[in-house]
Amino acid sequence: MADDTDTQPAPTEKSSRSGAVAVRAVLAAVIVGALAIGAGLYFTGAFEPKNEEKAPRLAAAGTTLARSKPGTCLTWDKDPTTMAPVDCLQPHKFEVAGEPARTLPENAPYPTQSVIAAQRDQLCPPVVTEYLGTRLDPKGRFQMGLLAPGEKAWESGDRTMRCGIQVSDAAGEVQDVQGKVVNQDKSLTWPPGTCIGIDDRGQLTGPVACAQPHAFEVTSVIDMRQGFPDASWPTERQQEEYLSRICPSRTTGWFGSQDGLRKSGLQLAWNKLSQPSWTAGSRSVICFLASSKDGRTFTPITGSAKSPDLLIDGKKPVMPTFPGAGPAPTPAPGR
C-alpha cells in the first residue's frame with residue numbers, strides 16, 4: 001500500500017487525564033498463607049504510560065483515515081509504514097468511533113504528543129460515548145485514542161483526525177485486540193492463568209507466557225453482579241468484604257489444593273471497581289497472585305504459581321512458617 005502520508009496515534013499520558021488509563025489496579029489486600037501482611041499494597045497508576053515518545057508514528061495511504069467511518073477497525077504491523085482497515089474480528093489496534101467536531105487549524109504548527117493528547121481529551125469523549133451508547137470505563141481495559149496526521153502529512157496540509165478506542169500497555173504501546181468493543185466486557189480482566197508482564201521499573205506491560213518474567217498471575221475473574229445484583233454502586237468497603245471471602249476460595253479452587261497459595265509464597269490480591277467504572281457498565285474484577293517488596297512496584301515472578309519451577313525475584317519461594325498458617329487465608333480489611 002502506498003505511504004504518501006503518515007498518521008500517529010496519541011499516547012495515553014498521565015499528565016493529560018489523571019486516573020483514566022487501562023489497568024490502574026488498586027491492590028487493597030495482600031495475603032501470604034493465612035496472614036494478611038499488608039492492608040495497603042497499592043499499585044495506583046500501574047498501567048500509566050511511562051515512555052510516550054515510544055508511541056509509533058504510522059504511515060498510511062492518504063485516504064485511509066478519510067475513508068475510516070465509525071466502526072472501522074484499523075491495524076498496522078511492526079513496520080510503521082502501513083495502516084489498513086481489517087475485519088474487526090481480526091486482530092487490530094484501533095476501532096474508529098468517529099470524527100472530532102474540529103481539528104487544528106491549517107496554519108497550526110505540527111502538534112506535539114501532548115497537544116494531540118489534549119485534543120483527544122477535549123474532543124473525543126462525546127464522540128466515543130455516542131458511538132458506544134455509554135461512557136467508556138475510565139479505569140477499564142479500553143482507552144480513547146486519537147489518530148492524527150504525522151509530520152510528513154501535516155506539512156502537506158492534511159488535518160484528518162479520528163477518535164477511537166484502543167488498548168495500550170504501560171509503555172504506551174498499542175496492543176492487538178479482536179472483536180468490536182461494544183460486544184466485550186470493558187472491565188480490566190484476563191482469563192485465569194494469564195500472566196501479565198513486568199518492565200524494568202516493576203510496572204505492568206501486557207499478557208506474556210508465564211515462563212517469562214511477569215508481575216502477576218490471574219486466578220479468577222469475579223462477576224460482581226452476583227454479589228451486588230441491584231446495587232447502584234457497591235462501596236469499596238462492601239467490595240472489599242465480598243472479595244475477601246470470594247478470592248481466597250476461588251484461588252484455592254484454582255490451585256486445586258488447600259495449601260497451594262501458602263506453598264507459592266505469593267501474595268493474593270484483587271482490584272475493585274470505582275463508581276465511574278460501575279456507572280460505565282464494568283462489573284468484573286480479578287483475583288491475582290503477585291509479590292512486592294515496597295507496596296508500589298511488582299517483584300518479577302518466573303513460572304506459573306502452580307509450577308514447581310516458580311521463582312520470585314530469581315529465588316525459590318519461601319513458605320510462611322508463622323503460627324496458624326493454614327489453608328484458609330483471611331485478608332486484612334480494606335483501607
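What share of the 335 residues of the chain counts as buried? In this predicted model, the share that counts as buried is 54%. The secondary structure of the chain comprises five helices and 16 strands. The accessible surface amounts to about 14,600 Å², and carbon and sulfur atoms account for 51% of that surface. Where contacts join residues at least 6 apart in sequence, 70% of them link residues at least 24 apart.

**Nonpolar cores**

- In soluble globular proteins, nonpolar side chains tend to be buried together.
- The largest nonpolar core of this chain has 22 residues, and the members that touch the most other members are Ile222, Met224, Tyr242, Leu243, Leu266, Leu268 and Leu289.
- Helix 3 (236–255), strand 13 (267–270) and strand 14 each contribute at least two residues to this core.
- With six residues, helix 3 makes the greatest contribution to the core.
- Ile222, one of the residues named for the largest core, has contacts beyond its neighbours within four places in sequence. Among them are Tyr242, Leu243, Ile246 and Arg250, as well as Arg283, Ser284, Val285 and Cys287.

- Strand 9 (residues 162–166) is mostly covered, as five of its five residues are buried.
- Arg162, Gly164 and Gln166 point one way from strand 9, while Cys163 and Ile165 point the other way; residues of both groups are buried.
- Strand 7 pairs with strand 9 in the antiparallel sense through three bridges, and Gly98 stands opposite Cys163 of strand 9.
- Strand 8 (residues 143–149) also pairs with strand 9 in the antiparallel sense, here over five bridges. In strand 9, Gln166 stands opposite Gln143.

**Strand 13 and strand 14**

- Strand 13 is covered on both faces: Gln267 and Ala269 lie on one side, Leu268 and Trp270 lie on the other, and all are buried.
- Strand 13 and strand 14 run antiparallel and are joined by four bridges.
- Gln267 stands opposite Ala290, which belongs to strand 14.

**Aromatic pairs**

- Six aromatic pairs are found in a search of the whole structure.
- One of these is the edge-to-face pair of Tyr110 and Trp154, with 6.2 Å from centre to centre and 75° between the planes.
- Tyr110 lies in the loop between strand 7 (94–98) and helix 1 (113–132), and Trp154 lies in helix 2 (residues 151–155), so this pair ties together parts that are 44 residues apart in sequence.
- Tyr110 is partly exposed, at a relative accessible area of 22%, whereas Trp154 is buried, at 5%.
- The pair of Phe216 and Phe298 is tilted, because the ring planes stand at 45°; the ring centres are 5.9 Å apart.
- Phe216 belongs to strand 12 (residues 214–223) and Phe298 to the loop between strand 14 (284–290) and strand 15 (301–302), so the pair ties together parts 82 residues apart in sequence.
- Phe216 is buried, with a relative accessibility of 1%, and Phe298 is buried as well, with 5%.
- Phe216 and Phe298 also belong to a cluster with Trp190 and Phe288, linked by ring pairs.

**Charges over rings**

- Arg283 places its charged end over the ring of Trp278, at 3.9 Å from the ring centre. Arg283 is also one of the residues in contact with Ile222.
- Lys306 lies over the face of Trp254, and the distance to the ring centre is 4.3 Å.

**An exposed loop residue**

- Asp200 is located in the loop between strand 10 (195–198) and strand 11 (204–208).
- Asp200 counts as exposed, with a relative accessibility of 77%.
- Asp200 and Pro300 are 100 residues apart along the chain, and their C-alpha atoms are separated by 9.3 Å.

Notes: Residues numbered from 1 in each chain as written. Predicted model: local features only at pLDDT ≥ 70, side-chain atom pairs only at ≥ 80, totals over all residues. Heavy atoms only, no water. Phe/Tyr/Trp six-rings, centres within 6.5 Å; stacked < 30°, edge-to-face > 60°. Buried < 20%, exposed > 50% of the residue type's maximum accessible area, 1.4 Å probe, protein only. Lys NZ or Arg CZ within 6 Å of the ring centre and 35° of its normal. Contact = heavy atoms within 4.5 Å. Areas by Shrake-Rupley, 256 points an atom, 1.4 Å probe, with all protein chains shown as cover. Core = buried A, V, L, I, M, F, W, Y, C linked by side-chain atoms within 4.5 Å. Pairing = 2+ DSSP bridges.
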